[in-house]
Amino acid sequence: MAVVTEPAILTAAAVEALLRECVTVVRPGETLIVRVAADADVRKVHQLGQYVHTRAEAMGAGFHTLVVPAESLGTGEAPARIVA
């Protein structure tokens with residue numbers, strides 16, 4: 001488990017509220033993508049990613065989390081698996 005040594009960007013309560021109140025349904029095995037400003041400091045993005053993951057795991061979430069810097073909305077799907 002990752003340990004964040006600096007103060008978190010968001011409090012534990014704020015992260016848990018965000019995870020509970022997602023606008024969309026995140027099914028087990030899917031990934032919740034959290035966007036931050038595109039010019040966000042890389043170190044802070046990494047720390048927030050670790051923190052969100054840790055809080056989601058502590059809540060027993062069955063989904064993955066990913067924090068990314070982004071300017072616009074988008075959708076994504078896992079690539080189809082090729083069976084040989």
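**Reading the fold**

Mentor: Start by listing the elements. The protein has two helices and two strands. Keep in mind that this is a predicted model.

Trainee: In what order do the elements run from the N terminus on?

Mentor: Read along the chain and note each element in turn. Here the order is α-β-α-β.

Trainee: What is the mean pLDDT of the protein?

Mentor: The mean pLDDT is 77. Of the residues, 71% reach 70 or more. Then look element by element. Helix 1, residues 12-20, has the lowest mean pLDDT among the elements, at 76. Helix 2, residues 42-58, has the highest, at 89.

Trainee: In which sense do strand 1 and strand 2 pair?

Mentor: Look for bridges between the strands, then compare their directions. Strand 1 covers residues 31-36, and strand 2 covers residues 64-69. The two pair in the parallel sense, over six bridges. Take Ile33 as a case: its bridge partner in strand 2 is Leu66.

Trainee: Now single residues. Is Thr65 buried or exposed?

Mentor: Compare the relative accessible area with the cut-off. Thr65 lies in strand 2. Its relative accessibility is 16%. Buried means under 20%, so Thr65 counts as buried.

Trainee: What about Val15: buried or exposed?

Mentor: Val15 sits in helix 1. Its relative accessible area is 2%, so Val15 is buried. Beyond four places in sequence, Val15 is in contact with Leu10, Tyr51, Val52 and Arg55. Now try a distance. Val15 and His53 are 38 residues apart along the chain, and their C-alpha atoms are separated by 9.8 Å.

Trainee: How far apart in space are Val45 and Val68, C-alpha to C-alpha?

Mentor: Val45 and Val68 are 23 residues apart in sequence and 6.9 Å apart in space. Val45 is found in helix 2. Its relative accessibility is 11%, so Val45 counts as buried. Leaving aside neighbours within four places, its contacts are Val36, Ala40, Val67 and Pro69.

Trainee: How many salt bridges does the structure hold?

Mentor: Here is the general idea. Side chains of opposite charge can pair when their charged atoms come close. This structure holds one salt bridge. The side chains of Glu30 and Arg27 meet in it, at 3.6 Å from N to O. Glu30 is partly exposed, with a relative accessible area of 31%.

Trainee: What share of the residues count as buried?

Mentor: Step back to the whole chain for that. Of the 84 residues, 20% count as buried. The accessible surface comes to about 6500 Å². Carbon and sulfur atoms hold 58% of that surface.

Trainee: Of the contacts between residues at least 6 apart in sequence, what share join residues at least 24 apart?

Mentor: Sort such contacts by their sequence gap. In this protein the share is 83%.

How values were computed: Residues numbered from 1 in each chain as written. Predicted model: local features only at pLDDT ≥ 70, side-chain atom pairs only at ≥ 80, totals over all residues. Heavy atoms only, no water. pLDDT = per-residue confidence, 0-100. Helix = DSSP H or I, 4+ residues; strand = E, 2+ residues; numbered from the N terminus. Pairing = 2+ DSSP bridges. Salt bridge = Lys/Arg side-chain N within 4 Å of Asp/Glu carboxyl O. Buried < 20%, exposed > 50% of the residue type's maximum accessible area, 1.4 Å probe, protein only. Contact = heavy atoms within 4.5 Å. Areas by Shrake-Rupley, 256 points an atom, 1.4 Å probe, with all protein chains shown as cover.
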